[in-house]
Amino acid sequence: MATLKIKKGDMVRVIAGKDKDREGKVLIVNAKKNTVVVEGINMITKHQKPSMANQQGGIVNKEAPIDISNVMLLHNGKPTRVGFRVEKDGDKTTKVRIAKATGEKID
């Protein structure tokens, strides 16, 4: 499976859908389904039965997954596409993410 360009903890901007142009932090990345859960984005209301964890039950607001193609990584406050570069340090090679807009290393 190919490496995903968005990771947990990244700041992203939504580029399509009902939350277009909103920004948030990635909480969960699901590589199999190509989805991400972003903090405060794509909120849904869920009816929950009372349980041991939630004694009260009722209506709960939570984030729903959004397709990874609908978000764009923010680098220095601006949205950018993500590429990869293989860097060599002596015998060791590492694959690093780069911002396509500036060519800078992301992490």
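Analyst: Gladly! Ile6, Val12, Val14, Val26, Val36, Val38, Ile41, Ile66, Ile68, Val71, Leu73 and Val82 form the largest nonpolar core, 12 residues in all. At least two residues of this core come from each of β1 (11-14), β3 (35-38) and β7 (71-75). Please keep in mind that the model is predicted: local features need pLDDT of at least 70, side-chain atom pairs count only at pLDDT 80 or more, and totals for chains, interfaces and linings use all residues. Residues are numbered from 1 along each chain as its sequence is written, and side-chain values use heavy atoms, with hydrogens and water left out.

User: What makes a set of residues a nonpolar core?

Analyst: The members must be buried Ala, Val, Leu, Ile, Met, Phe, Trp, Tyr or Cys residues, joined through side-chain atoms within 4.5 Å. Buried means under 20% relative accessible area, exposed means over 50%, and partly exposed is in between (1.4 Å probe, protein chains only).

User: Which residues does valine 12 contact, leaving aside its neighbours within four places in sequence?

Analyst: With contact meaning heavy atoms within 4.5 Å, valine 12 meets Ile6, Arg22, Glu23, Gly24, Val26, Val38, Val71, Met72, Leu73 and Leu74.

User: How many helices and strands does the protein chain have?

Analyst: There are 0 helices and 10 strands.

**Salt bridges**

User: Why is the pair glutamate 23 and arginine 13 called a salt bridge?

Analyst: The label needs a side-chain nitrogen of Lys or Arg within 4 Å of a carboxyl oxygen of Asp or Glu. Here the N to O distance is 2.4 Å, so the pair qualifies. It links distant parts of the chain, 10 residues apart: glutamate 23 sits in strand β2 (residues 23-30) and arginine 13 in strand β1. Glutamate 23 has a relative accessible area of 39% and arginine 13 has 21%, so both count as partly exposed.

User: How do you know that aspartate 19 and arginine 22 also form one?

Analyst: Their side chains meet at 3.1 Å, N to O, so they pass the 4 Å limit. Aspartate 19, at 11% relative accessibility, is buried, whereas arginine 22, at 40%, is partly exposed.

User: What about glutamate 87 and arginine 85?

Analyst: That salt bridge has an N to O distance of 3.9 Å, so it too lies within 4 Å. Salt bridges that share partners join Arg85, Glu87 and Lys105 into one network. Arginine 85 is partly exposed at 36% relative accessibility. The whole structure holds 5 salt bridges.

**Histidine 75**

User: What makes the pair histidine 75 and glutamate 104 a polar contact?

Analyst: Their side chains are joined at 3.1 Å. A polar contact is a pair of N or O atoms within 3.5 Å; within protein, one must be able to donate a hydrogen and the other to accept it, and residues adjacent in sequence count only if both atoms are side-chain atoms. The distance is within that limit, so the label holds.

**Two asparagines**

User: Asparagine 34 and asparagine 42 both have a positive phi although neither is a glycine. Where are they, and is each buried or partly exposed?

Analyst: Asparagine 34, with phi of about 55°, is in the loop between β2 and β3; at 35% relative accessibility, it is partly exposed. Asparagine 42 has phi of about 60° and belongs to the loop between β3 and β4 (43-48). Its relative accessible area is 18%, so it is buried.

**Overall shape**

User: How does the radius of gyration of the protein chain compare with that of a compact globule?

Analyst: The chain has 17 Å, while a compact globule of 107 residues would have a value near 13 Å. The radius is taken over C-alpha atoms, and the globule rule is 2.2 Å times the number of residues to the power 0.38. The C-alpha trace spans about 60 × 30 × 20 Å along its principal axes, and buried residues make up 26% of the 107.

Notes. Helix = DSSP H or I, 4+ residues; strand = E, 2+ residues; numbered from the N terminus.
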